[in-house]
Structures are given as structure tokens and as C-alpha cells.
Amino acid sequence: MKTFIENLPKAELHLHIEGSFEPALMFEIAKRNNIKIPYNSVEEIEEAYKFDCLQDFLDIYYQGAGVLTTEQDFYDLTYSYLQKCANQNVRHTEIMFDPQTHTERGISFETVINGISKACDDAKEKLNVTSLLIMSYLRHLSEEEAFKTLEQSLPFKHKITAVGLDSSEKGNPPSKFKNVYKASIKEGYIPVAHAGEEGSADYVWEAIDLLGIKRIDHGNNSLQDDKLIAEIIKRDMALTVCPLSNTALQVVDDLKNHPLKKMIDLGLKVTINSDDPAYFGGQVNKNYSDIQKALNLTKKDLYLLAKNSFQYSFLDENSKKNYI
Ligand code: HPA
Ligand code: ZN
């Protein structure tokens, strides 16, 4: 099975570039930027990566992202992730980035986008990995702040395919961002959003009805509502599921109890992703192999999951034909 998974061509549709920041690279970048981080060793970092919930993780994730300063930092972070894609036969990836995590610290939007997109261009040429970018609004900030980010993105519109919504879900429903999503769609961005990770099925309804999303990030709690399941199937929307993230953040207590197989059996279109691999204990292939073992998935299931990853990507139909 391990070799089967390694050899499967895959796409990754749910990945936060700031969440791919491996401790070794974090140390290196902190050192060259003369920034102190509150850890003395990789072991100390790993010890800190034990989370009770999403907020627990986010506090540490934003702290880690705080060492990223120059265009080269963003380039190195992104290229390092793309090398891991190449090594895992991830042929296409849709990378989320959180501009506000950086612009709030005085780093320009331009620095962030240029570093990330140059790495993507180089990876296409040198590693044969394609990518596109999803600019994610931080939902713990105001809609007004999101509008500022949308404005800042416009000179770089040609480099960005979609908008997303991430960070603290509970208490920050999709409805809070209704207007900025409307404006983002008008600018040509495809809307996606995290919904139903910790938030209820109502948040997924809002993301569909009020934000008009084309894909659901996580979506686990959709299973609470039969009508919602039927609606997601009717709209042919995929869920970007992240098994190791779900156990790391205690959304699911044990992979053996993960609802992925149930989702497939219900007819939902599911994909497997790593979310924040540096923090949650595994890249894409480990997500595939751990969930395969836990749920006894067959090769047919795995093939379907990989096929979905291309089918529900935002690649154009012609490019999809290279894979499915
Ligand atoms: N959920 C919400 N926000 C995030 C996540 C996540 O899993 N990862 C990075 N930001
Ligand atoms: Zn996520």
C-alpha cells in the first residue's frame, strides 16, 4: 500500500503555506533575520506542538510565521514545500496563504506574493509541480480588514486564483464576510472557505448560501445535517478533508473514528490533504497511508481520492485531462 500511495499522482487542495514551515527552516530563517524564537531546539518545538483545539494551534502557528520577513524567506518556505510535493508525486497544489498574518506586522503584500509566486514558477519548471494560489482572509479580523487585503491584492490579481477563509472558526461565521466575498467574486476570484471544522453545519450552510463557495475546506460537521449533505452532493462540491489535522486538533478523537469512509459512502466528493503538515505530523502521503490503515481503505478508495483531487481542483479542464 505504501508504494501504491507513493506512486499515485495526487493533487493537494488544502495546504497553508505558513503551516508547512518546518522547525529546521524556521531556525535558519529566524537566525538570518536576527529574530528570537522561544525554542532552543527542534525537540523543544515538537514538544510545543501538542494542541487541544484549533485556537491552541493558531497561537503557535502565527508566532512561527512571525519570523518570515523578506521575499527570500517566502521563496524558501514555498520552494521547500514544493520539493516535498515533487518527492511525494503531488503533481499539482493549491496553496493558501494568509497575507494579513504578514501585513499586520508591516511586511508588504508585494513581498509575500512575490516570494511565494517566484517559488511556484521555479517549481513548475524545475520540479514539474504546478500550483495556484488561494488568498485567505483571517476570520478573527474584521470584514473591513479583509476588504483592505482584497484591495492590496488587485495589482497581483493575475497571480491569485481563489479566496479562502481561515483562522478561528467559532464565533466568526461566514456571514461576517458576505460583502467581501461578493466583491472578491466580482474581481474574478473563486470562493472557498473553511467551514464545519469546529463550527456547526450552520456555518457550512452560510458558506454555501452567503459566500457562494465552490469547495469546502474540512466540512466534517456537514454530517450533522442530512439536508446539507444532500445539498453538497447536488451542487457537486468537494470537501478538502485533512485527517492528521483533525486528530491533532481533536476534531476527531482517533483516526479509526474518522468520518472519511462514511463521507465517501454517502456520495460526498472527498479529497485528502495535509493542511499544516509541519505542525500536524505528516505530509500528504502520510495522511493517505495513516487513514488507509485506520479505516482499511482499498486501493480503489485511494484511487478515487486521488482522482477527486484533480477533478475538484481549479485546474482548467484541459490540464485535468493529463491526470484523469
Ligand atoms: N483551520 C483554520 N485556520 C487555519 C487552519 C485550520 O486548519 N490552518 C491554518 N489556518
Ligand atoms: Zn486549513
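Met96 stands opposite Ile134 in strand E3. The model is predicted, so local features need pLDDT of at least 70, side-chain atom pairs count only at pLDDT 80 or more, and totals for chains, interfaces and linings use all residues. Residues are numbered from 1 along each chain as its sequence is written, while chains are lettered from A and ligands numbered from 1 in the order in which they are written.

Strand E2 (residues 90-97) runs parallel to E3 (residues 130-138), and 6 bridges join them; two strands pair if DSSP finds at least two bridges between them. Strands (E, at least two residues) and helices (H or I, at least four) are DSSP runs, numbered from the N terminus.

Both strands belong to an open sheet of 8 strands with parallel pairing, in the order E1-E2-E3-E4-E5-E6-E7-E8. Its edge strands, each pairing on one side only, are E1 (10-16) and E8 (269-272). From one strand to the next the twist averages 25°. Angles run from 0 to 180 degrees between N-to-C directions, with axes fitted to C-alpha atoms, for helices over the stretch in contact. Helix H15 (residues 284-295) lies across E1, E2 and E8, at about 120° to E8.

Leaving aside neighbours within four places in sequence, Ile17 is in contact (C-beta atoms, placed from the backbone, within 7 Å) with Leu77, Thr78, Tyr81, Ile95, Met96, Phe97 and Ile116.

The residues around ligand 1, those with a C-beta atom, placed from the backbone, within 6 Å of it, include His16, Asp166, His194, Glu197, Asp275 and Asp276.

Note on methods
Contact = placed C-beta atoms within 7 Å.
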